[in-house]
Protein chains: 2
Amino acid sequence: MTGASGTLVTIEDIRAAAERIAGRVVRTPLVPYPVAEPGRPLWFKPESLQPIGAFKLRGAFNAILQRLDDARAHGVVTHSSGNHAQAVAWVARELDLQATIVIPDAAPALKVDRVRQLGAEVVIVAPEDRDTRAFELAAEHGYVMIPPYDDAAIVAGQGTIGLEIAADLASLAGVLVPVSGGGLIGGIATAVKALSPGTRVIGVEPELAADAAESFRTGQRVSWTPEQTYRTIADGLRTTSVGEIPWRQIQKYVDDVITVSEDEIRDGVRRLAAEARLVAEPSGAVPFAAYLHHASELGIEGNVVAVVSGGNLAMDTLARIIAPAAPGTAG
Amino acid sequence: MTGASGTLVTIEDIRAAAERIAGRVVRTPLVPYPVAEPGRPLWFKPESLQPIGAFKLRGAFNAILQRLDDARAHGVVTHSSGNHAQAVAWVARELDLQATIVIPDAAPALKVDRVRQLGAEVVIVAPEDRDTRAFELAAEHGYVMIPPYDDAAIVAGQGTIGLEIAADLASLAGVLVPVSGGGLIGGIATAVKALSPGTRVIGVEPELAADAAESFRTGQRVSWTPEQTYRTIADGLRTTSVGEIPWRQIQKYVDDVITVSEDEIRDGVRRLAAEARLVAEPSGAVPFAAYLHHASELGIEGNVVAVVSGGNLAMDTLARIIAPAAPGTAG
């Protein structure tokens, strides 16, 4: 298997992943932001348009296809606050595998319902028990573990987004990526730096779940508590620390990790809907929020890509965010 | 020029248009509908992701690039309730041309504002005066007229959507397209029938603006009054009759034109946002409404594509549609 202990995920691993998952995920286009600021043209990479509404399908397909014989024989298990859960459930349904998903009890009901609708078995636990319970189930039943981010095959799968961005935009000054467990940015940064070494790859996190920003600043991979990270509206970015495998990729390939406020995230969701006609969940709007509100901190001149990582949110939440002034919808 | 009086727009005209506009419009992907009904897999063609939020950019680029010398020398003029207006204004800005846009006074303020922001001159008139006033301005100032739909170059430009659909989906049972002036469905039907003759191409209209359905049923191109067509929430489909050039294409290549109710249109908007993460304006959700609520009337078994023609709507309108039960947002 690629990316064994201590070795880095490579551009070759990502190219192999792209071949493996071709035709199984949407080849998302770059969507231009029509009211970009002069000197900073912006494109969105709308992974929200994947059939489960998030990029997670790429890593899940790559990881499960790499372990297909075992997965067929024993089934798969994972733990996730939502989008990775849907991804594993989707892949299991497509490949006709048995799947068990451990979900923390604070996950949005919408995401839990969708996992059940895809036919996976759901086990609800307290946030701090999510990975231990999944590993227990794997040990007990022989399920193949498909981790949400701390896994070389997952990182390589998410990295296919970086391949596509570099293929679609010749002159690329910067790429903005949300950071949670780090699988997405770890993969994208690896691909982008291999193909376009001068491009700045910048991670973006909510201020209220800024463990990766702190880790990046101090050079030490730190953990925050669930009590801290669960404060943000960006429910996909509440992971309490970056994974070990993604962390190695981040240290080598990422240029900076910056943070945005909750209001800036809401503004990003609203303007993605109004100005780019994309439904983004708060986590998916975090990079765009950095483009809108942290231009000087980003220090990018030229073409920018903001990854819109997902679009799974309840419609009443979206309505409150996009039309806050409508009577009765505030808060 | 292609498509002179009485001759049909051809697949060659559409191929030439595709070459002419390549790189100037978004090559939109087919986005799978994840909760499609068994036996009727559905994909969206999200033209809402064009930088002006609608397919109209294709026809406008093709028409203006075909007449570029005149357009440069004299400027361009058009009349439109919204999306074509934005398209011409966008193309004029990109190609550094002077543009004048005649807009009926019932057009949404949002669409009018966007035309002004693109630097075009706006002339507001009563709905019934829109085309006469535009022709007067053309005669008076020598502006090149870029009609919204009754023009071979416009039809060929919109037809590039059909080329892309046929290229992306090998086995194509049906394509659902909104009908207003007919440029979109006229172009798409021409391309699809040339490349995949067995595919059913079906137009969809609001019941409240069903002039094309009546024309199709009777074989006579009829007009409705603005008082009738302006009742529908689908503000992009209020044109009172299909254009002469599109009508010839429709008679030859379209299999049926059916209608949907206002509630069905709202349901389409809501489910596009919730289930496919696409912001669609009511007009853009009309074909999906037919898929959801008129399956037997469509009579399609196999792969279906619903064209999402645009995504320009006010955020308070979107909020009311997607979360009708939220306190204070009903109506």
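Analyst: Between chain B and chain A the count is 0 salt bridges. A salt bridge here is a side-chain nitrogen of Lys or Arg within 4 Å of a carboxyl oxygen of Asp or Glu. This is a predicted model, in which local features need pLDDT of at least 70, side-chain atom pairs count only at pLDDT 80 or more, and totals for chains, interfaces and linings use all residues. Residues are numbered from 1 along each chain as its sequence is written, chains are lettered from A and ligands numbered from 1 in the order in which they are written, and side-chain values use heavy atoms, with hydrogens and water left out.

Polar contacts do cross the interface of chain B and chain A: 8 residue pairs, both at pLDDT 80 or more. Such a contact is a pair of N or O atoms within 3.5 Å; within protein, one must be able to donate a hydrogen and the other to accept it, and residues adjacent in sequence count only if both atoms are side-chain atoms.

Which elements of chain B take part? Helices (H or I, at least four residues) and strands (E, at least two) are DSSP runs, numbered from the N terminus.

About 2,600 Å² is buried between them, and carbon and sulfur atoms give 68% of that. Buried area is the accessible area (1.4 Å probe) that two parts lose on being put together, summed over both. In chain B, the residues that lose the most area to chain A are B:Leu49, B:Arg277 and B:Met315, together 28% of what that side buries.

Now follow E1 into chain B. An open sheet of 6 strands runs E1-E2-E10-E7-E8-E9, with mixed pairing. Two strands pair if DSSP finds at least two bridges between them. E1 and strand E9 (256-260) of chain B stand at the edges with a single partner strand each, so one side of each has no neighbour in the sheet. Strand E8 (residues 200-206) of chain B pairs with E9(B) in the parallel sense over 5 bridges. There, B:Glu205 has B:Thr259 as its bridge partner.

Chain A has an open sheet of 4 strands, in the order E5-E4-E3-E6, with parallel pairing. Its edges are strand E5 (121-125) and strand E6 (144-145), each with a single partner strand.
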